[in-house]
Amino acid sequence: MSVALVITFFVLLFPASAADSFDPNSLSPIANIFAPRSAPAQSVFEISMLVLWICVGIFVIVGGLLLYTIIRFRRRRGDDGREPPQVYGSNQIELAWTVIPLLIVFVLVLVTARTIGEVQNAVLPSDALRVTIVGHQWWWEIRYPSLGIVTANELHVPVSGPEKHMPTILKLESADVVHSFWVPQLAGKTDVIPNRNNTMWIEPWQSGTYLGQCAEYCGTQHARMLLRVVVHSQEEFARWVTGQRQPVVNDPHVHTGRDLFQSTACMNCHTIGETVASGTFGPDLSHLMSRATLAAGAAANTPENLRAWVRNPQQLKPGNLMPDMKLSEEELDQLVAYLLTLR
Ligand code: CUA
């Protein structure tokens, strides 16, 4: 039995390493907590492994002794049926099972305190990229104050290298309830609390897309509050920044859709740059089509899904705060045609 448990443990511990063959188009790839790709996540991983190996040791010793006892002292034919001698108050045994766990706990406390200190007191370069992340029910607002960029559900950051450290400092705020920022391959969890600014930082050393998930139950659609972190090379990141800072596309062919957007309640919740739409309750749509997903990772951002989403948001993500605008099919076509130009 112990052997089977140990094997199960190792299978769970080292899943087929899918971390590097991540498909960014897949909506729910499993984020592997055993494959850190950023500085704080690496520290968390190291301490997790220490704790796991200590627990494996305890498990093997306790399980082994139990197994030995069960086999060695099992009932045999010819036993006289009397109770074996009962041992009470052995100083050696009592001392051993008090002192050894105490030492183990002491080691774990010290190592944990050191790791927390390393992450929280890290000295980060003053020119590090600063991003403000605001948790909403149920999506992430992402602001780059120094770059003048506002987006949603996708955090784009540059990759860090040995020649130039490029950490990103995250200021975490909440617009409503408690959420928790968690991108397992990049950093530990940090709670996102109303009326309080928490900070976390990441320093990814490998470009790619990393999936994050709100890690604190925050209401009906907590499970569909996904976050994508896209780590770019320096040049790619500069290109992304340039793209996001471009003026919003103003295509005269879709003016009916734009007028419709501006004459319905859409504009009260959403901002689209250089138009009268300046709501901040929902995601900024200025560059909507540059994003990979809709509704915080609930669906891929395709024209069909976008239409289905606007037609009835409650079908794709029940309980979310975007109302069904009850548009006619023709109005839907016009509105979606307009949204599709927002690259
Ligand atoms: Cu936000 Cu759970």
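Modeller: The lining of the second largest pocket has ten nonpolar, six polar and one charged residues. Here Ala, Val, Leu, Ile, Met, Phe, Trp, Tyr, Cys and Pro count as nonpolar, Asp, Glu, Lys and Arg as charged, and the others, Gly among them, as polar. This is a predicted model, in which local features need pLDDT of at least 70 and side-chain atom pairs count only at pLDDT 80 or more, while totals for chains, interfaces and linings use all residues. Residues are numbered from 1 along each chain as its sequence is written, and side-chain values use heavy atoms, with hydrogens and water left out.

The second largest pocket holds about 420 Å³ of space. A pocket is an open set of points on a 1 Å grid over the protein atoms alone where a 1.4 Å probe fits, with protein on both sides within 12 Å along at least five of seven lines; lining residues have an atom within 4 Å of a point. Points are joined across faces, edges and corners, and the volume is the space filled by probe spheres set on them.

There are 17 lining residues, and the closest to the centre of this pocket are Ile116, Val119, Gln120, Thr190 and Met200. Helix H2, helix H3 and strand E8 (198-202) each give at least two residues to the lining. Helices (H or I, at least four residues) and strands (E, at least two) are DSSP runs, numbered from the N terminus. H3 supplies the largest share of this lining, five residues.

H2 (residues 39-72) and H3 (residues 91-120) also meet each other: their axes come within 9 Å and cross at roughly 170°. The axes are lines fitted to C-alpha atoms over the stretch in contact, and angles run from 0 to 180 degrees between N-to-C directions. H2 is therefore roughly antiparallel to H3, the term for angles over 145 degrees. On the H2 side the contact (heavy atoms within 4.5 Å) is made by Pro40, Ser43, Ile47, Leu50, Val51, Ile54 and Ile58. On the H3 side it is made by Ile104, Leu108, Val111, Thr112, Thr115, Glu118 and Val119. The residues of the contact of H2 with H3 divide into ten nonpolar, three polar and one charged.

For comparison, consider the largest pocket, with a volume of about 620 Å³. It is lined by 35 residues, and the closest to its centre are His270, Gly282, Pro283, Trp309 and Met322. Its lining divides into 24 nonpolar, eight polar and three charged residues. The largest share, three residues, comes from H7. Domain 1 (129-245) and domain 2 (252-339) both give residues to this lining, so the largest pocket lies between them. Such domain bounds come from an automatic or database domain assignment. The C-alpha centres of the two domains lie 23 Å apart, and their contact takes 17 residues from domain 1 and 20 residues from domain 2.

H9 also packs against helix H5 (residues 255-263), at an angle of about 100° and with the axes 7 Å apart. H5 and H9 are therefore roughly perpendicular to each other, the term for 65 to 115 degrees. Thr256, Gly257, Arg258, Leu260 and Phe261 of H5 meet Glu331, Gln334, Leu335, Tyr338 and Leu339 of H9. By class, this contact has five nonpolar, three polar and two charged residues.

Terms used. Parallel < 35°, antiparallel > 145°, perpendicular 65-115°, else oblique.
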